[in-house]
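Me: I would like to go through some of the labels used for this model and see where each one comes from. Please set the values against the cut-offs.

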Amino acid sequence: KEKKELHDKGKVQIHLGQTHHTLTKKFFEAFEKQKVLKNASKINAPILLIHGSEDHTIPIEESKAVKKQIPTLKLTVIEGGTHTLMKGKSAEILISTIIQWLQQNF
């Protein structure tokens with residue numbers, strides 16, 4: 001639905017929790033130019049990547065692809081979590097995961 005809207009109108013409305021954002025084709029084109037996966041292996045700092053198993057905005061395969069590029073990266077999947085991870089138990093797991101990771105790495 002969002003891809004069609006982006007194609008037809010040149011922009012798309014993204015809803016994250018209570019906030020709404022307009023993203024344009026230019027945003028996505030600039031993002032693609034960054035070659036995130038290609039440059040990911042150059043990162044020398046500890047990285048924590050958290051993904052909700054019910055994220056319908058970014059497929060879990062994206063996070064798994066980053067993990068393959070950076071084997072030292074810690075990937076945590078929050079079961080039942082959506083894209084924002086800000087509802088109910090997901091938010092609690094998110095916060096405790098971040099705190100634990102920070103304590104272990106810094």
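This is a predicted model: local features need pLDDT of at least 70, side-chain atom pairs count only at pLDDT 80 or more; totals for chains, interfaces and linings use all residues.

Me: Why is Phe-106 called exposed?

Reply: The cut-off for exposed is over 50% relative accessible area. Phe-106 has 67%, so it counts as exposed. Phe-106 is found in the segment after helix H5, which spans 88-105.

Me: What makes Ile-98, Leu-102 and Phe-106 a nonpolar patch?

Reply: A patch of this kind needs nonpolar side chains joined within 5 Å, from residues with over 30% relative accessible area and no salt bridge. Ile-98, Leu-102 and Phe-106 form such a patch on the surface, and together they have about 300 Å² of accessible area.

Me: How many aromatic pairs are there?

Reply: The count comes to 2 aromatic pairs.

Me: Why is the pair of Phe-27 and Phe-28 called edge-to-face?

Reply: Two rings pair if their centres lie within 6.5 Å, and planes over 60 degrees apart count as edge-to-face. For Phe-27 and Phe-28 the values are 5.1 Å centre to centre and 85° between the planes, and the pair is therefore edge-to-face.

Me: Are Phe-27 and Phe-28 buried, exposed or partly exposed?

Reply: Buried means under 20% and exposed over 50%, with partly exposed in between. Phe-27 is at 41%, so it counts as partly exposed. Phe-28 is at 32%, so it also counts as partly exposed.

Me: What makes the pair of Trp-101 and Phe-106 edge-to-face?

Reply: The ring centres of Trp-101 and Phe-106 are 5.7 Å apart and the planes are at 70°, so this pair is edge-to-face. Trp-101 is buried, with a relative accessible area of 11%, whereas Phe-106 is exposed at 67%.

Me: How do you know that Thr-76 is buried?

Reply: Buried means under 20% relative accessible area. Thr-76 is at 14%, so it counts as buried. Thr-76 lies in strand S4, residues 74-78. Leaving aside neighbours within four places in sequence, Thr-76 is in contact with Leu-48, Leu-49, Ile-50, His-51 and Thr-97.

Definitions and conventions: Residues are numbered from 1 along each chain as its sequence is written. Side-chain values use heavy atoms; hydrogens and water are left out. Patches are made of residues with over 30% relative accessible area and no salt bridge: like charges are joined within 9 Å, nonpolar side chains (Val, Leu, Ile, Met, Phe, Trp, Tyr) within 5 Å. Accessible areas come from the Shrake-Rupley method with a 1.4 Å probe; for residues, only the protein chains shown count as cover. A salt bridge is a side-chain nitrogen of Lys or Arg within 4 Å of a carboxyl oxygen of Asp or Glu. Helices (H or I, at least four residues) and strands (E, at least two) are DSSP runs, numbered from the N terminus. Buried means under 20% relative accessible area, exposed over 50%, partly exposed in between (1.4 Å probe, protein chains only). Rings of Phe, Tyr and Trp (its six-membered ring) pair if their centres lie within 6.5 Å; planes under 30 degrees apart count as stacked, over 60 as edge-to-face and the rest as tilted. Contact means heavy atoms within 4.5 Å.
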